Amino acid sequence: MAPTARRRDLPMTLAAAAIAATTMVAAAPPDGAANAGHKAGKQTKPTVILVHGAWADTSSWNGEVSILRRAGYTVRAIGNPLQNLTTDAQAVKYFLKSIKGPIVLVGHSYGGSVITNAAQGVSNVKALVYVDAAAPAVGETTAQLSGPTSVLAKWSPSDLYDAVPYPNAPSKASALYLKENVFVTKFASSVAREQAVNLWATQRAATTVAFNTPSKYAAWKTIPSWYFISSGDQIITPDSEKKMASRARSKVTVYKGGSHLTLVSDPAAVTKVIRSAISSVQ
């Protein structure tokens, strides 16, 4: 009787072993699936969005774009209309809302005012970077933030600008171009002269309305910020920028020398600060 019992148990033992083996195979995902799960858990690299300021265009960010792209980041320099702070910020906000994943938002000069407003209510903007920029509080205008020793405050408008009308302008509004000597010796003094003259020749005008529109928001109150300040900036003075950075509780980098266009003359220094902001998001 015993040998017969053993023969009956054998098929059941084999069946149990087969079920156990099947269970183990099902429980252990293949290597590819395990790697996919690991990658899914890894945070996406942030997209860097660069917003230019007055008397400039997207090409002012060419150096930073090249460095960041070589480092493997997705980066976009987008057009700033330079017409009206409220509508300029709205135009940038529309673009921000098209981006999936975290954003590091960077603004130069008047572009700082724009990002201060555009980031409001956009939950995936995780860091703000101000590059020789304005960072207004609610109710402040960009024109108020240059500082009392800025060339924009000390010189008369007729010495600073070529003012021209533009379509559908409000009463008494003008489009302003910086005069060549102001651009080359004050605005872009750290840039090689021939390049500075070329930048002057290709500048985009900014309107008086853009500079005099009160800020509706102050996104730096809730979004961590970084501030790059050139000690040689004659357009928005270092003292003014330090005050704005202090109230925003920004992480501050003071660059010795430079000008209002240090982003053109030394993009590596500016990019280093942008990458600090990126590191905080990753």
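**Strand pairing.** I started with E5 and strand E6 (residues 175-178), which pair in the antiparallel sense over four bridges. I kept in mind that this is a predicted model. I then picked Tyr 161 and looked for its bridge partner in E6, which is Leu 178.

**The sheet.** Next I traced the strand order. It reads E5-E6-E7, an open sheet of three strands with antiparallel pairing. Which strands stand at the edges? I found strand E5 (161-164) and strand E7 (206-207) there. Each has a single partner strand, so one side of each is left without a neighbour in the sheet.

**Largest pocket.** I turned to the pockets. The largest has a volume of about 240 Å³. I counted 16 residues lining this pocket. Closest to its centre are Ala 143, Ser 146, Leu 152, Tyr 161 and Phe 211.

Helix H6 (151-154) and helix H10 (208-212) each supply at least two. I sorted the lining of the largest pocket by class: eleven residues are nonpolar, five are polar and none is charged.

**Second largest pocket.** I looked up its volume, which is about 160 Å³. Its lining includes Gln 144, Leu 145, Gly 147, Pro 148 and Thr 149. Asp 239, Lys 243 and Arg 247 are also among the lining residues. How many charged residues does this lining have? I got three, along with three nonpolar and five polar. For the largest pocket I had noted no charged residues.

Note on methods: Residues numbered from 1 in each chain as written. Predicted model: local features only at pLDDT ≥ 70, side-chain atom pairs only at ≥ 80, totals over all residues. Heavy atoms only, no water. 1 Å grid on protein atoms, 1.4 Å probe; cavity = no way out; pocket = protein on both sides within 12 Å on 5 of 7 lines; lining within 4 Å. Points joined across faces, edges and corners; volume = space filled by probe spheres on them. Nonpolar A, V, L, I, M, F, W, Y, C, P; charged D, E, K, R; others polar. Pairing = 2+ DSSP bridges.
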